[in-house]
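Subject: Handover of a structure

Dear colleague,

Please find below the structure that I am handing over to you. My findings follow directly after it.

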Amino acid sequence: MAYDADNIFAKILRGEIPAVKVFEDDNTLAFMDVMPQAPGHLLVIPKTAAENLFDLPDPAAAAVMSTVRRLAPAVRQGMQADGIRIMQLNGAAAGQTVFHYHVHILPCYDGRPAREHAADMEDIGVLGQHAALIRAALSD
Ligand code: 5GP
């Protein structure tokens, strides 16, 4: 399947639709998942047009992982998570629903199983509060 430049994350990158952004550098963008599986569920994407792992250039992969490594501790601290799951799906058969490469940073909480994938929309104000907690931890 060819990369579709009208996928939702490409539109977020172009500023055509809003997102609750947490971090941005030259090569990556991190923003809150609108249907979080747990409070603090964050997505990291490259600014490179790639559908998934199979067409992702090495430099973009490195840039995304560098941002994930920077943000995961901030998510853990800011959201007071007991653990962090790093998740990345490739192809519809694997559960991928948005076809611009992305890595999920999913906080895990003891005794609270993650909610269903891409199921329930969160209130934008709540996403903003969680983003602020993560940003604060990032600047500590
Ligand atoms: P995938 O299934 O492709 O691994 O994950 C896509 C993720 O994007 C899902 O967790 C879903 O909740 C999230 N998502 C879908 N549409 C939007 C959107 O418009 N904005 C944001 N911020 N997240 C989205």
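The accessible surface of the chain comes to about 7,300 Å², and 52% of that surface belongs to carbon and sulfur atoms. Please bear in mind throughout that this is a predicted model.

Overall form

The chain contains 3 helices and 5 strands. Along the sequence they are arranged in the pattern α-β-β-β-α-β-β-α. The C-alpha trace spans about 40 × 30 × 25 Å along its principal axes. A compact globule of 140 residues would have a radius of gyration near 14 Å, and the chain agrees with this, at 14 Å. Of the 140 residues, 44% are buried. Among contacts with a separation of 6 or more, 63% are made by residues 24 or more positions apart.

As to charge, the chain carries 11 positive and 17 negative side chains. The centres of these two sets lie 5 Å apart.

The aromatic pair

The count of aromatic pairs comes to 1. The ring centres of phenylalanine 9 and phenylalanine 31 are 5.2 Å apart and the ring planes stand at 75°, so the pair is edge-to-face; the cut-off for that class is over 60 degrees. Because phenylalanine 9 belongs to helix α1 (residues 8-13) and phenylalanine 31 to strand β2 (residues 28-32), the pair ties together parts that are 22 residues apart in sequence. Both phenylalanine 9 and phenylalanine 31 are buried.

The loop between β2 and β3

Glycine 40 is located in the loop between β2 and β3, and its relative accessibility of 2% counts as buried. Although glycine 40 and valine 75 are 35 residues apart in sequence, their C-alpha atoms are 6.6 Å apart in space. Apart from residues up to four places away in sequence, glycine 40 touches Met32, Val75, Met79, Ile105, Pro107, His130 and Ile134.

Histidine 41 lies in the loop between β2 and β3 (42-46). Histidine 41 is buried as well, with a relative accessible area of 1%. If neighbours within four places in sequence are set aside, the contacts of histidine 41 are Met32, Asp33, Met35, Pro36, His104, Ile105, Leu106 and Pro107. By contrast, the C-alpha atoms of histidine 41 and glutamate 51, which are 10 residues apart along the chain, are separated by 21 Å.

Positive phi angles

Most residues other than glycine have a negative phi. Against that background, which phi value does glutamine 80 have? Glutamine 80 is not a glycine, yet its phi is positive, at about 50°. Glutamine 80 sits in the loop between α2 (58-78) and β4 (83-87), and it is exposed, with a relative accessible area of 66%.

Alanine 118, also not a glycine, has a positive phi of about 50°. With a relative accessible area of 32%, alanine 118 is partly exposed.

Yours sincerely

Key: Residues numbered from 1 in each chain as written. Predicted model: local features only at pLDDT ≥ 70, side-chain atom pairs only at ≥ 80, totals over all residues. Heavy atoms only, no water. Helix = DSSP H or I, 4+ residues; strand = E, 2+ residues; numbered from the N terminus. Rg over C-alpha atoms; globule rule 2.2 N^0.38 Å. Buried < 20%, exposed > 50% of the residue type's maximum accessible area, 1.4 Å probe, protein only. Contact = heavy atoms within 4.5 Å. Areas by Shrake-Rupley, 256 points an atom, 1.4 Å probe, with all protein chains shown as cover. Lys, Arg positive; Asp, Glu negative; His and termini not counted. Charge placed at Lys NZ, Arg CZ, Asp CG, Glu CD. Phe/Tyr/Trp six-rings, centres within 6.5 Å; stacked < 30°, edge-to-face > 60°.
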